[in-house]
Structures are given as structure tokens and as C-alpha cells.
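Here is a short report on pockets and helix packing. Please keep the model open while reading.

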Amino acid sequence: MSSDNAATLLPEPWAGVYAERKDAIRARLADFAAVPVTEHFYELLFCILTPQSQAKNAEQVIAKLKSDRFQEMAFDPTDLLRTPEHYIRFHNTKAKRLLAIRDMFADISSLLRTHWSEPLVLRAAIRETVPGFGLKESSHFLRNIGIRDLAILDRHILKHLKAVGIIGRIPASLTDKRYFAIEKKWKKFASRVGIPIDELDLLFWSMETGEIRK
């Protein structure tokens, strides 16, 4: 079944919103697939910054880090992260993580080259390597550089998974076992309706924010 016709298997309001936004959603996924290798470093930093902070603030910080050549210069970014105009929560901890990523990025690049065609293996390796990363953050980073079919489970997504009947309740915490079980159920649902989980993820997020962001 093509995903052009699959939205009829989704309940409302998801079906109607998907029909309206599917082209924009696919375009965004194409953008992720087109991210050049030279941008992988800053995409990883973005995923360090976004937890508990607004994505638009993280995007502004990343733009400034790029313009100031953080990857080459390795300056202390703490003041930049705590600037009120684009405030990042837990800026002290995250600044240290950004510097740690800069020092270890050659190893991360090697993992990406070696396991690019093995999403589950790559996610496990990224999670093991990157300070502060769990399954959600690792999946988010890999999705943003073009890796498909990994679940990014946060509270907004879980709310929609419950609402469409993929899960019966929102768990109080996500152990690895729960994460993998929900991911498996989501993939089964995605296969049944003929819409990839990557498209469903952006659909659910856009219904929360009104935007199709990364």
C-alpha cells in the first residue's frame, strides 16, 4: 500500500493533517538525508542542546557556534549558551559536553562511516560513545543526518502513540526494554497503515507545535 492512500487507515484528526502535510514532511526528511558529512558535528551538538530547551534557541546557538568556528577553536561556549536571547537550560553541563564532543568527534565520525547501513548497531554505538545520550537522543541525531526507521520517544510523541492506540498508557519512565517494545509496536503500526515512523514522528510533532522542525 502506498502512503499516499494509507492515511485513510489513520483516525481523525491525524488522517486529515497527514494529507495536508505529507509533502512538507517528506521534504523535511529529504533535507535530513541531504545533510553533508561536514555538518554532522553541528547536528550532534544540536541534539545535545535541545533537551529541556527550545529548538529555536538551540538553532540560534548552533548558528553562532558555526560562525565562531567552534569545531576548530574549541572555546568555552558557556556564556553563549546562557545568553537570555537563546537561553539553553543546564548550560554549564551542556557546555562541557560540547567540548567533549569536539575532542572525540573523530571517533564518532568513524562510527558513522563504519555502521551507516546498520541503524540499530549505529544507534547503540552512538549512545555508548556520546556523553549524556540515551536511546531518544541517539535516534534524534541519526534521524537528523538521514538515518531512517528509528523511534524518537519523548512525551509529545508518546501522547500521540497512546491516542492512536499504539500503546495503552504513557510509561512513567522509559527503560531500554520499554523503549524497544514501544518502538516495535510503532513499527508494526506504521507497516499496517503504510506510513513510515519517520513521517508519523514529524506528523505528531507538527500537530504539537504547528511546525515541521528537526
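In this predicted model, α7 gives the largest share of the lining of the second largest pocket, 3 residues. Elements that supply two or more residues to that lining are α3, α7 and α9. Nearest the centre of the second largest pocket lie Pro51, Gln52, Arg97, Gly132 and Glu137.

The largest pocket draws on α3 (40–49), α4 (55–67), α9 (135–144), α10 (155–163) and α12, each with at least two lining residues. Thr50, Ser53, Asp154, His156 and Trp205 lie nearest its centre. The table sets out both pockets.

| Pocket | Volume | Lining | Nonpolar / polar / charged |
|---|---|---|---|
| Largest pocket | about 790 Å³ | 27 residues | 10 nonpolar, 7 polar, 10 charged |
| Second largest pocket | about 170 Å³ | 13 residues | 6 nonpolar, 3 polar, 4 charged |

Helix α7 (residues 91–115) also packs against helix α8 (residues 119–129). The angle is about 170° and the axes are 9 Å apart. Angles over 145 degrees count as roughly antiparallel, so α7 and α8 are roughly antiparallel to each other. From α7, Met104, Ile108, Leu111, Leu112 and His115 take part. They meet Pro119, Val121, Leu122, Ala125, Ile126 and Thr129 in α8. The contact residues comprise 9 nonpolar, 2 polar and no charged.

Met207 sits in helix α12 (residues 197–209). Its relative accessible area is 25%, so Met207 is partly exposed. Beyond its neighbours within four places in sequence, Met207 contacts Pro13, Trp14, Val17, Arg21 and His160. The C-alpha atoms of Met207 and Lys96 are 34 Å apart, with the two residues separated by 111 residues along the chain.

Notes: Residues numbered from 1 in each chain as written. Predicted model: local features only at pLDDT ≥ 70, side-chain atom pairs only at ≥ 80, totals over all residues. Heavy atoms only, no water. Axes fitted to C-alpha atoms, helices over the stretch in contact; angles between N-to-C directions. Helix = DSSP H or I, 4+ residues; strand = E, 2+ residues; numbered from the N terminus. Parallel < 35°, antiparallel > 145°, perpendicular 65-115°, else oblique. Contact = heavy atoms within 4.5 Å. Nonpolar A, V, L, I, M, F, W, Y, C, P; charged D, E, K, R; others polar. Buried < 20%, exposed > 50% of the residue type's maximum accessible area, 1.4 Å probe, protein only. 1 Å grid on protein atoms, 1.4 Å probe; cavity = no way out; pocket = protein on both sides within 12 Å on 5 of 7 lines; lining within 4 Å. Points joined across faces, edges and corners; volume = space filled by probe spheres on them.
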